[in-house]
Amino acid sequence: MTRGFLARAKSHAAKEFMYHLPSERIACQPLGRRDSSKLLVAAISDEQDTVSITHRRFSDIARLIPDNALLVLNDSKVIQARLPAAKATGGKAEILLLRPSGGRPPSIALQENASSSRNIWTCMVGGKKLRSGSVLKLGPDRDIDVEIVERVGGSVFDVRVGHWNEQKFGRTFGEVVQTLGSTPLPPYIRRKPLDSEKSTYQTVYAKHEGSVAAPTAGLHLSPDVLEQLVQKGVETTTVTLHIGAGTFAPISGGHVGQHTMHAERIEVETKSVKKIVQARKCGRPIVAVVRCTQLRLVLCSGCKECELKGSYFHRERRLFARWSHYIGVA
(Lines give C-alpha, C1' and ligand atoms only; values in the text may rest on other atoms or scores of the structure.)
Protein backbone atom coordinates (compact mmCIF):
# COMPACT_ATOMS: atom_id res chain seq x y z
CA MET A 1 0.00 0.00 0.00
CA THR A 2 1.63 3.26 -1.11
CA ARG A 3 1.39 7.03 -0.85
CA GLY A 4 -0.55 7.01 -4.15
CA PHE A 5 -3.35 4.94 -2.63
CA LEU A 6 -3.59 7.26 0.36
CA ALA A 7 -3.73 10.31 -1.89
CA ARG A 8 -6.53 8.82 -4.00
CA ALA A 9 -8.52 7.89 -0.88
CA LYS A 10 -8.30 11.47 0.37
CA SER A 11 -10.26 12.63 -2.68
CA HIS A 12 -13.40 11.40 -0.85
CA ALA A 13 -15.01 10.23 -4.10
CA ALA A 14 -17.36 7.41 -3.17
CA LYS A 15 -16.12 5.25 -6.04
CA GLU A 16 -12.68 5.09 -4.40
CA PHE A 17 -14.20 2.97 -1.65
CA MET A 18 -16.10 0.55 -3.91
CA TYR A 19 -14.80 -2.96 -4.39
CA HIS A 20 -16.11 -6.40 -5.28
CA LEU A 21 -16.65 -8.77 -2.38
CA PRO A 22 -17.53 -12.31 -3.51
CA SER A 23 -20.44 -13.73 -1.53
CA GLU A 24 -18.44 -16.84 -0.68
CA ARG A 25 -15.95 -14.64 1.22
CA ILE A 26 -18.62 -13.39 3.64
CA ALA A 27 -18.63 -15.34 6.90
CA CYS A 28 -22.24 -16.30 7.54
CA GLN A 29 -21.74 -18.63 10.52
CA PRO A 30 -20.01 -17.83 13.82
CA LEU A 31 -16.79 -19.68 14.63
CA GLY A 32 -16.63 -22.09 17.52
CA ARG A 33 -14.17 -19.78 19.32
CA ARG A 34 -14.68 -16.03 19.15
CA ASP A 35 -10.98 -15.23 19.31
CA SER A 36 -10.04 -17.54 16.43
CA SER A 37 -11.31 -14.94 13.92
CA LYS A 38 -8.79 -13.42 11.55
CA LEU A 39 -7.21 -10.09 12.48
CA LEU A 40 -5.71 -7.75 9.89
CA VAL A 41 -2.90 -5.62 11.32
CA ALA A 42 -2.02 -2.46 9.38
CA ALA A 43 1.24 -0.80 10.51
CA ILE A 44 1.75 2.75 9.22
CA SER A 45 5.33 3.92 8.81
CA ASP A 46 6.63 6.91 10.78
CA GLU A 47 6.54 8.96 7.57
CA GLN A 48 2.91 7.82 7.01
CA ASP A 49 3.64 7.08 3.38
CA THR A 50 3.45 3.27 3.48
CA VAL A 51 1.32 0.70 5.23
CA SER A 52 2.47 -2.85 5.88
CA ILE A 53 -0.19 -5.50 6.39
CA THR A 54 0.08 -8.75 8.30
CA HIS A 55 -2.56 -11.35 9.14
CA ARG A 56 -2.99 -12.60 12.71
CA ARG A 57 -5.72 -14.05 14.92
CA PHE A 58 -7.77 -12.13 17.45
CA SER A 59 -6.25 -14.29 20.16
CA ASP A 60 -2.98 -12.41 19.46
CA ILE A 61 -4.40 -8.97 20.21
CA ALA A 62 -3.06 -8.77 23.78
CA ARG A 63 0.45 -8.83 22.31
CA LEU A 64 -0.34 -5.87 20.07
CA ILE A 65 -1.93 -3.46 22.58
CA PRO A 66 0.54 -1.36 24.64
CA ASP A 67 0.80 -2.12 28.37
CA ASN A 68 -0.35 1.34 29.48
CA ALA A 69 -3.27 1.57 27.06
CA LEU A 70 -6.88 2.37 27.93
CA LEU A 71 -9.20 -0.06 26.16
CA VAL A 72 -12.66 1.35 25.43
CA LEU A 73 -15.48 -1.19 25.03
CA ASN A 74 -19.01 -0.59 23.79
CA ASP A 75 -21.35 -2.40 26.20
CA SER A 76 -24.53 -1.94 24.16
CA LYS A 77 -26.64 -5.07 23.86
CA VAL A 78 -28.56 -6.20 20.77
CA ILE A 79 -32.32 -6.52 21.21
CA GLN A 80 -34.40 -9.13 19.37
CA ALA A 81 -35.61 -6.36 17.10
CA ARG A 82 -37.05 -8.33 14.17
CA LEU A 83 -40.75 -9.00 14.82
CA PRO A 84 -42.92 -11.10 12.49
CA ALA A 85 -46.32 -9.50 11.96
CA ALA A 86 -49.49 -9.92 9.95
CA LYS A 87 -51.78 -7.42 8.25
CA ALA A 88 -55.52 -7.36 8.86
CA THR A 89 -55.96 -9.12 5.52
CA GLY A 90 -53.75 -11.97 6.68
CA GLY A 91 -50.78 -10.95 4.55
CA LYS A 92 -47.30 -11.17 6.03
CA ALA A 93 -45.39 -8.15 7.30
CA GLU A 94 -42.26 -7.59 9.36
CA ILE A 95 -41.34 -4.95 11.89
CA LEU A 96 -37.74 -4.01 12.64
CA LEU A 97 -37.48 -1.90 15.78
CA LEU A 98 -35.04 0.97 15.25
CA ARG A 99 -35.37 3.19 18.33
CA PRO A 100 -37.96 4.52 20.76
CA SER A 101 -39.70 7.61 19.45
CA GLY A 102 -39.22 11.01 21.03
CA GLY A 103 -35.58 10.42 21.93
CA ARG A 104 -36.36 8.23 24.92
CA PRO A 105 -33.56 5.90 26.08
CA PRO A 106 -34.14 2.24 25.15
CA SER A 107 -33.51 1.29 28.79
CA ILE A 108 -36.68 3.19 29.75
CA ALA A 109 -38.80 2.35 26.68
CA LEU A 110 -38.20 -1.39 27.06
CA GLN A 111 -39.54 -1.24 30.64
CA GLU A 112 -42.94 0.16 29.64
CA ASN A 113 -45.84 -2.09 30.62
CA ALA A 114 -48.90 -3.23 28.68
CA SER A 115 -51.13 -0.34 29.80
CA SER A 116 -48.62 2.39 28.89
CA SER A 117 -49.55 4.91 26.21
CA ARG A 118 -45.85 5.51 25.48
CA ASN A 119 -45.11 2.24 23.66
CA ILE A 120 -44.26 4.12 20.47
CA TRP A 121 -41.24 3.10 18.40
CA THR A 122 -39.68 4.18 15.13
CA CYS A 123 -39.54 1.06 12.99
CA MET A 124 -38.76 -0.19 9.53
CA VAL A 125 -41.90 -1.97 8.36
CA GLY A 126 -42.00 -4.41 5.48
CA GLY A 127 -45.39 -4.69 3.78
CA LYS A 128 -47.43 -3.04 1.02
CA LYS A 129 -50.08 -0.34 1.25
CA LEU A 130 -49.25 0.75 4.78
CA ARG A 131 -50.49 4.15 5.92
CA SER A 132 -51.43 6.04 9.09
CA GLY A 133 -54.13 4.08 10.90
CA SER A 134 -53.14 0.69 9.44
CA VAL A 135 -53.04 -2.03 12.08
CA LEU A 136 -50.65 -4.96 12.17
CA LYS A 137 -50.90 -7.97 14.47
CA LEU A 138 -48.15 -9.54 16.59
CA GLY A 139 -48.02 -12.90 18.31
CA PRO A 140 -48.87 -16.45 17.25
CA ASP A 141 -52.55 -15.73 17.97
CA ARG A 142 -52.35 -12.21 16.50
CA ASP A 143 -53.51 -10.71 19.78
CA ILE A 144 -51.24 -7.64 19.98
CA ASP A 145 -52.21 -4.63 17.86
CA VAL A 146 -49.54 -2.43 16.32
CA GLU A 147 -50.92 0.79 14.83
CA ILE A 148 -49.08 2.80 12.20
CA VAL A 149 -49.01 6.34 13.61
CA GLU A 150 -47.21 8.15 10.80
CA ARG A 151 -44.65 7.67 8.07
CA VAL A 152 -41.21 9.02 8.93
CA GLY A 153 -39.84 8.41 5.45
CA GLY A 154 -39.68 5.54 2.98
CA SER A 155 -40.43 2.30 4.81
CA VAL A 156 -39.79 3.85 8.24
CA PHE A 157 -42.83 4.53 10.44
CA ASP A 158 -43.67 5.48 13.99
CA VAL A 159 -45.86 2.71 15.42
CA ARG A 160 -47.84 2.36 18.64
CA VAL A 161 -47.87 -1.04 20.36
CA GLY A 162 -51.20 -1.85 21.97
CA HIS A 163 -52.09 -3.82 25.08
CA TRP A 164 -50.79 -7.36 25.54
CA ASN A 165 -51.48 -10.19 27.94
CA GLU A 166 -48.77 -9.87 30.57
CA GLN A 167 -49.22 -13.45 31.77
CA LYS A 168 -48.61 -14.65 28.22
CA PHE A 169 -45.85 -12.31 27.00
CA GLY A 170 -44.37 -10.74 30.12
CA ARG A 171 -44.85 -7.54 32.06
CA THR A 172 -42.60 -5.23 30.02
CA PHE A 173 -42.24 -4.46 26.33
CA GLY A 174 -38.68 -5.76 26.55
CA GLU A 175 -40.06 -9.16 27.54
CA VAL A 176 -42.47 -9.05 24.58
CA VAL A 177 -39.55 -8.35 22.24
CA GLN A 178 -37.48 -11.14 23.79
CA THR A 179 -40.39 -13.59 23.42
CA LEU A 180 -41.58 -12.74 19.90
CA GLY A 181 -38.52 -11.23 18.24
CA SER A 182 -35.51 -12.71 16.52
CA THR A 183 -31.90 -11.57 16.12
CA PRO A 184 -31.52 -8.74 13.56
CA LEU A 185 -28.65 -10.22 11.54
CA PRO A 186 -26.94 -7.90 9.02
CA PRO A 187 -28.61 -7.72 5.58
CA TYR A 188 -25.64 -9.44 3.90
CA ILE A 189 -26.29 -12.61 5.95
CA ARG A 190 -29.19 -14.02 3.99
CA ARG A 191 -30.55 -16.71 6.24
CA LYS A 192 -32.82 -17.00 9.23
CA PRO A 193 -31.18 -16.36 12.59
CA LEU A 194 -30.42 -19.30 14.85
CA ASP A 195 -31.75 -19.44 18.41
CA SER A 196 -28.13 -19.64 19.60
CA GLU A 197 -27.44 -16.23 18.05
CA LYS A 198 -29.45 -14.55 20.77
CA SER A 199 -26.24 -15.02 22.77
CA THR A 200 -23.51 -15.42 20.12
CA TYR A 201 -24.53 -12.21 18.27
CA GLN A 202 -23.61 -10.30 21.44
CA THR A 203 -20.30 -9.27 22.92
CA VAL A 204 -19.35 -11.11 26.11
CA TYR A 205 -19.60 -7.78 27.98
CA ALA A 206 -22.95 -6.62 26.51
CA LYS A 207 -25.05 -4.94 29.20
CA HIS A 208 -27.37 -2.13 28.08
CA GLU A 209 -30.12 -3.10 25.62
CA GLY A 210 -30.75 -0.89 22.61
CA SER A 211 -28.72 -1.90 19.54
CA VAL A 212 -30.18 -3.44 16.38
CA ALA A 213 -26.72 -4.52 15.21
CA ALA A 214 -23.81 -5.88 17.21
CA PRO A 215 -20.62 -3.88 17.91
CA THR A 216 -18.91 -6.21 15.44
CA ALA A 217 -15.23 -5.86 16.39
CA GLY A 218 -16.05 -6.63 20.01
CA LEU A 219 -17.68 -9.92 19.02
CA HIS A 220 -14.20 -11.42 18.71
CA LEU A 221 -13.08 -10.59 22.24
CA SER A 222 -13.31 -13.69 24.42
CA PRO A 223 -13.11 -13.90 28.22
CA ASP A 224 -9.63 -15.40 27.80
CA VAL A 225 -8.39 -12.44 25.73
CA LEU A 226 -9.88 -9.93 28.17
CA GLU A 227 -8.15 -11.73 31.06
CA GLN A 228 -4.82 -11.62 29.17
CA LEU A 229 -5.24 -7.86 28.80
CA VAL A 230 -5.96 -7.46 32.52
CA GLN A 231 -2.87 -9.51 33.39
CA LYS A 232 -0.83 -7.30 31.07
CA GLY A 233 -1.98 -4.18 32.91
CA VAL A 234 -4.27 -2.77 30.22
CA GLU A 235 -7.06 -0.71 31.78
CA THR A 236 -10.59 -0.97 30.41
CA THR A 237 -13.64 1.26 30.49
CA THR A 238 -17.07 1.06 28.91
CA VAL A 239 -19.25 3.41 26.93
CA THR A 240 -22.65 2.79 25.37
CA LEU A 241 -23.46 3.47 21.75
CA HIS A 242 -26.68 1.91 20.51
CA ILE A 243 -26.05 0.88 16.92
CA GLY A 244 -28.87 1.46 14.44
CA ALA A 245 -29.75 -0.14 11.12
CA GLY A 246 -28.32 2.93 9.38
CA THR A 247 -24.85 1.50 10.00
CA PHE A 248 -25.45 -0.70 6.94
CA ALA A 249 -26.70 2.13 4.71
CA PRO A 250 -24.57 2.81 1.61
CA ILE A 251 -22.99 6.21 0.96
CA SER A 252 -25.53 8.45 -0.75
CA GLY A 253 -24.39 10.55 -3.70
CA GLY A 254 -21.12 10.38 -5.61
CA HIS A 255 -19.04 12.12 -2.97
CA VAL A 256 -18.47 11.21 0.67
CA GLY A 257 -19.23 14.79 1.70
CA GLN A 258 -22.78 14.44 0.32
CA HIS A 259 -23.66 11.58 2.65
CA THR A 260 -26.04 12.21 5.56
CA MET A 261 -24.82 10.23 8.54
CA HIS A 262 -27.46 8.46 10.62
CA ALA A 263 -27.79 9.39 14.29
CA GLU A 264 -26.94 6.96 17.08
CA ARG A 265 -27.58 7.31 20.78
CA ILE A 266 -24.54 7.80 23.02
CA GLU A 267 -24.45 7.29 26.79
CA VAL A 268 -21.22 7.68 28.77
CA GLU A 269 -21.00 7.48 32.55
CA THR A 270 -18.99 10.00 34.54
CA LYS A 271 -16.25 7.52 35.45
CA SER A 272 -15.71 6.63 31.79
CA VAL A 273 -15.54 10.27 30.68
CA LYS A 274 -12.93 10.93 33.38
CA LYS A 275 -10.84 7.91 32.39
CA ILE A 276 -10.81 8.90 28.72
CA VAL A 277 -9.98 12.54 29.45
CA GLN A 278 -7.25 11.59 31.96
CA ALA A 279 -5.65 9.08 29.59
CA ARG A 280 -5.62 11.73 26.90
CA LYS A 281 -3.95 14.27 29.19
CA CYS A 282 -1.30 11.72 30.18
CA GLY A 283 -0.56 10.80 26.58
CA ARG A 284 -1.59 7.18 27.07
CA PRO A 285 -2.78 5.18 24.05
CA ILE A 286 -6.57 4.93 23.83
CA VAL A 287 -7.71 1.84 21.95
CA ALA A 288 -11.34 1.78 20.82
CA VAL A 289 -12.63 -1.69 19.99
CA VAL A 290 -13.60 -0.33 17.15
CA ARG A 291 -16.19 -0.17 14.56
CA CYS A 292 -16.54 3.26 13.04
CA THR A 293 -19.54 3.74 15.33
CA GLN A 294 -17.48 3.37 18.48
CA LEU A 295 -14.73 5.61 17.15
CA ARG A 296 -17.44 8.26 16.75
CA LEU A 297 -18.36 7.76 20.39
CA VAL A 298 -14.79 8.05 21.69
CA LEU A 299 -14.21 11.14 19.55
CA CYS A 300 -17.27 12.66 21.21
CA SER A 301 -16.15 11.59 24.70
CA GLY A 302 -12.82 13.29 24.22
CA CYS A 303 -14.13 16.50 22.68
CA LYS A 304 -13.59 19.84 24.42
CA GLU A 305 -17.21 20.13 25.51
CA CYS A 306 -17.17 16.77 27.28
CA GLU A 307 -13.75 17.44 28.78
CA LEU A 308 -15.06 20.62 30.35
CA LYS A 309 -18.16 18.90 31.73
CA GLY A 310 -16.26 15.79 32.85
CA SER A 311 -19.54 14.11 33.72
CA TYR A 312 -22.24 11.74 32.47
CA PHE A 313 -23.73 12.72 29.16
CA HIS A 314 -26.17 11.30 26.63
CA ARG A 315 -27.24 12.49 23.23
CA GLU A 316 -27.61 11.51 19.59
CA ARG A 317 -24.65 12.27 17.35
CA ARG A 318 -24.24 12.29 13.55
CA LEU A 319 -20.44 12.63 13.58
CA PHE A 320 -19.01 11.41 10.25
CA ALA A 321 -15.33 10.49 10.68
CA ARG A 322 -14.00 11.01 7.14
CA TRP A 323 -10.51 10.21 5.89
CA SER A 324 -9.24 13.69 6.72
CA HIS A 325 -10.91 13.76 10.17
CA TYR A 326 -8.32 14.43 12.85
CA ILE A 327 -8.37 11.49 15.24
CA GLY A 328 -7.08 13.25 18.32
CA VAL A 329 -8.39 10.81 20.90
CA ALA A 330 -8.21 7.13 19.88
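Good morning. The model is a predicted one, in which local features need pLDDT of at least 70 and side-chain atom pairs count only at pLDDT 80 or more, while totals for chains, interfaces and linings use all residues. Residues are numbered from 1 along each chain as its sequence is written, and side-chain values use heavy atoms, with hydrogens and water left out.

I begin with the whole protein. The protein has 10 helices and 15 strands; helices (H or I, at least four residues) and strands (E, at least two) are DSSP runs, numbered from the N terminus. Of its 330 residues, 43% count as buried. Here buried means under 20% relative accessible area, exposed means over 50%, and partly exposed lies in between, with a 1.4 Å probe and protein chains only. Among contacts (heavy atoms within 4.5 Å) between residues at least 6 apart in sequence, 68% join residues at least 24 apart.

I turn to the salt bridges. How many salt bridges are there? The count is 15, where a salt bridge is a side-chain nitrogen of Lys or Arg within 4 Å of a carboxyl oxygen of Asp or Glu.

One of them joins Glu-94 to Arg-82, at 2.9 Å from N to O. Glu-94 belongs to strand 6 (residues 92–100) and Arg-82 to strand 5 (residues 82–87), so this pair ties together parts that are 12 residues apart in sequence. Glu-94 is partly exposed at 33% relative accessible area, and Arg-82 is also partly exposed, at 22%.

Asp-143 and Lys-168 form another salt bridge, at 2.8 Å from N to O. This pair links distant parts of the chain, 25 residues apart: Asp-143 is in the loop between strand 8 (135–138) and strand 9 (144–153), and Lys-168 is in helix 4 (residues 166–169). Asp-143 is partly exposed at 34% relative accessibility, as is Lys-168 at 37%.

My last topic is helix 7. Helix 7 spans residues 223–232, and its buried residues are Val-225, Leu-226 and Leu-229. Viewed down the helix axis, these residues fall within an arc of 100 degrees (taken from the directions from the helix axis to the C-beta atoms), so they line one face of the helix. In general, an α-helix has 3.6 residues a turn, so residues three or four places apart point the same way. The buried residues of helix 7 pack against helix 2 (61–64) and strand 3 (70–74). On the face turned away from the buried side are the exposed residues Pro-223 and Gln-231.

Lys-232 also lies in helix 7 and is partly exposed at 27% relative accessibility. Leaving aside residues up to four places away in sequence, Lys-232 touches Ala-62, Arg-63, Leu-64, Ile-65, Pro-66 and Asp-67. The C-alpha atoms of Lys-232 and Pro-66 are separated by 8.9 Å, although these residues are 166 apart along the chain. Just after the helix, Gly-233 takes a positive phi of about 100 degrees.
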